[in-house]
Amino acid sequence: MLPSNLLSARLSRRRFVGGAAVAGVALAAGCAHEDDDTFGAVGPAEQFTPPTAKLSGTLRILAWSHFVPTYDRWFDGFVRRWAGQVGVDVTVDHIDLGQITTRVAAEIYAGRGHDLIQYVAPLPQFEPAVLDLTDLVREANRRWGPQLELCRRSSFNPATNRYFAYAPGWVPDPGNYRRSMWSKIGLPDGPSSWDELLRGGAEIRRATGVQLGLGMSQELDSNMVGRSLLWSFGSSVQDAEGRVTLDTPEAVAAVEFMTRLYRQAMTDEVFSWIPTSNNQGLVAGRLSYISNSISAWRTAQRSTPAIAADIDFLPALAGPAGAVAAHHLVHNWVIPKYATGAAAGQEFLLHYTANFAAATYSSMLYDLCAWPSRTPELATWLQRDPFRADPPGKLGLLVDAARWSADLGHPGTANAAVGDVAGSFVIPDMFARAARGEVSAAVAVADAAAQVRSIYARWRARGLVA
Amino acid sequence: MGHHLFPPRGRRGRDRDRALASLFVVPTVAYVAALILGPMVLAVAFAVSDVTVADPTFDWAGLAGIERALADPVFWQALLNTCVITSLTTSLAVVGGNVVARLMLARVYGRWLVRLCVLLPWVTPVTVSSVAWLWMLDSVYSPLDWAGRQLGLLGVGESVNWLGRPSTAMASVVAVQAWRLTPLTAVIIMAGLVSIPRNIYEAARVDGAGRWLRARFMTVPLTAPIVAVAGLFCAVFTFSDMAVVRVLTNGGPTHSTEVLATLAFRRGIDGGDVAQGAAVALFLLPVLLAATLTILGLVRRMVAR
């Protein structure tokens, strides 16, 4: 230990002040670097509308760990500021996307836990244990106009006439492709149809060994891309009334097409797909096309700018029956019946929706609002990306993304059976079994349809499916 | 003439000992009842109910859930996979455990380091080690593939894609389970080897028994019960584990690595149908019960000897 006089000799006041100044600058630089994730862009100002009733007590929020880290930093501060304004003691816990369903199940079954829970896919299977949020949605519609249809369908069950969740936002699922690779085969603007995807993807793979990245595994992205293909071929898991309609020639045609796609343009890597696989593969230059949100490209902007500049986006691919893509994610906020902070939770959700422009901005245009009037500048941002897209209008196609996007239950609405079918990964398995040659496309569809019918029968018996 | 240091106790004394012994056992019995027996009874009850995550009210559903499980081809695939993974893992872990146990007993410099390294896979939480293996077996960034490419076993840009094919995915799951459980079997077997009195070996050596004869007629019979216990522990841990499969393959590709534990979790928690999940999990019970009874029998025989 240094004697105090030696310490004072070595650390004079002048040197201390100088050192502190340098440390302060370094700290500021560190913070600036953190903020630099958004390339220095400054988001819209937050608005505060006082709650209709006086709030107090505590509010515990469970939210997913966002793929765009700047969003979580913004969200935590946003919650803190609101909590200070309304006098509620709020805590926010973020957990990994893959853990949320398990956590929700555990908390709901135990009858204690968080008051407000956010997931990024419909949670209709928990409907009997969560509050009906019809009044909240009605209030939001009164304030900001009609909710986007795909968000409404992802949170409303017509069989029970209840909003089992509040869906203030969603994330589109455009095609991400490597312009340089597709230019070489004469499609610089990428494929516009599933047929072009097959032809071009096969040619690129033959020439360069680079494959397409459409998962056929037990994970979220595989669920989405499988549905997009089914819909584009004129089939679906259920019809608008919630009747199972999977066992059709159109579904068999879709499965046969996916088999061709796999054999000519992919490798068995797609059977071990995890949610980060397409991001990794695209950024590593190992994939020519993926169906994903913009997060992979945002990652590349920072890690591999040259690849980011080469990535471009496409709307839903056209098939024989049209061009429909599943949403990538849809926000589902639920309030369990046990929640003691339910009133504060609902007020927070209104405040959050009112400020969705800031949420969209903080997520670097990843999250879009279910009430478009809340993000009046969205089209400007998408056509001139504030986060240095190269070229700046790269995301322009997302302006009308809702037109070519659909919810998981399309053409019907989300319900417990839709959630269970998604959670059981019946659709990716159906495609994978045929693609791997385990069974014919017709058998794969028939088996999947039998599983789906069994799931629907179970939930129908419980009154949760029409 | 000698006298007893501890004179024989009377009947009252023996009764008091028994009562005290029973009292000491009470915490263990309570613990087992609360944390093992209770959940087991609950699982059986759920399997014959219609309980869901969102609606825990118990309504009798009879054997409908079990019939539904039996009619599901994925269930049979999961049952088969569970048995295959368990038997392969157990075989590998027992053989590996024997080798490692001898390594741990070898008189070499840095033996403590060898023992530490051997035990690391066992003391690392299974989810953490599974995530590490997930990256080791990644289709893009696998260091194993990189090493293969450096050694010329794989072409430029080529990867094995360990988790994307049923055969390699199954092999990966078995390998990770064996890697995880070999230290456990090694420690148990090492304890068995240490417990064999050295003078028996010395007598055999004096009688002219060579290394092979000593191993064949002494080491193997004397360690057989403890090896069996190690194997059974290994089988129980593998049979009931879901973490490795859940993290590495999530049952894929196309359920080729699905095991009963992951299927029960998927149906019961992810799908929200607790009754169906419990019905699937119920099939773990007879095998685990049989294994437990066998372990207890072997231990009793060892104690008696």
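Trainee: What makes the largest nonpolar core a core, and which residues have the most contacts inside it?

Mentor: A nonpolar core is a set of buried Ala, Val, Leu, Ile, Met, Phe, Trp, Tyr and Cys residues joined through C-beta atoms within 7 Å. A residue is buried if 20 or more other C-beta atoms lie within 10 Å of its own, exposed if 12 or fewer, and partly exposed in between, with C-beta atoms placed from the backbone. The largest such set has 209 residues, and V255(A) and L260(B) have the most contacts inside it. This is a predicted model, in which local features need pLDDT of at least 70, side-chain atom pairs count only at pLDDT 80 or more, and totals for chains, interfaces and linings use all residues. Residues are numbered from 1 along each chain as its sequence is written, while chains are lettered from A and ligands numbered from 1 in the order in which they are written.

Trainee: With which residues is V255(A) in contact, leaving aside its neighbours within four places in sequence?

Mentor: Contact requires that the C-beta atoms of two residues, placed from the backbone, lie within 7 Å. On that basis V255(A) touches M430(A), F431(A), A434(A), A441(A), A444(A) and V445(A).

Trainee: Why is chain B called more spread out than a compact globule?

Mentor: Chain B consists of 13 helices and zero strands; helices (H or I, at least four residues) and strands (E, at least two) are DSSP runs, numbered from the N terminus. Its radius of gyration is 25 Å, well over the 19 Å that the globule rule gives for 305 residues, so chain B is more spread out than a compact globule. The radius is taken over C-alpha atoms, and the rule is 2.2 Å times the number of residues to the power 0.38. Along the principal axes, the C-alpha atoms of chain B fill a box of roughly 80 × 60 × 30 Å, and 36% of the 305 residues count as buried.

Trainee: What makes helix α8 of chain B a helix that lies largely in the open?

Mentor: Helix α8 (residues 198–206) of chain B has nine residues, and the number buried is zero, so the helix lies largely in the open. After α8(B) comes G208(B), with a positive phi near 95 degrees.

Trainee: How many residues of strand β9 of chain A are buried, and how is β9(A) joined to β7 and β8?

Mentor: Five of the five residues of β9 (residues 287–291) of chain A are buried, which makes the strand mostly covered. Strands pair if DSSP finds at least two bridges between them. Three bridges join β7 (residues 175–178) of chain A to β9(A) in antiparallel fashion, with G175(A) partnered by S291(A). Three bridges also join β8 (residues 211–213) of chain A to β9(A), here parallel, and G213(A) is partnered by I290(A).

Trainee: Why are β12 and β14 of chain A said to stand at the edges?

Mentor: The open antiparallel sheet has the order β12-β6-β14 (chain A). β12 (329–330) and β14 (368–369) of chain A each have a single partner strand, so one side of each is left without a neighbour in the sheet. Two bridges link β6 (residues 169–171) of chain A with β14(A), and W170(A) stands opposite L368(A).

Trainee: How confident is the prediction of chain B, and what share of the residues score at least 70?

Mentor: pLDDT is the predictor's confidence in each residue, from 0 to 100. Chain B averages 87, and 96% of the residues score at least 70. Within chain B, helix α13 (residues 284–304) has the lowest mean, 79, and helix α7 (residues 166–194) the highest, 94.
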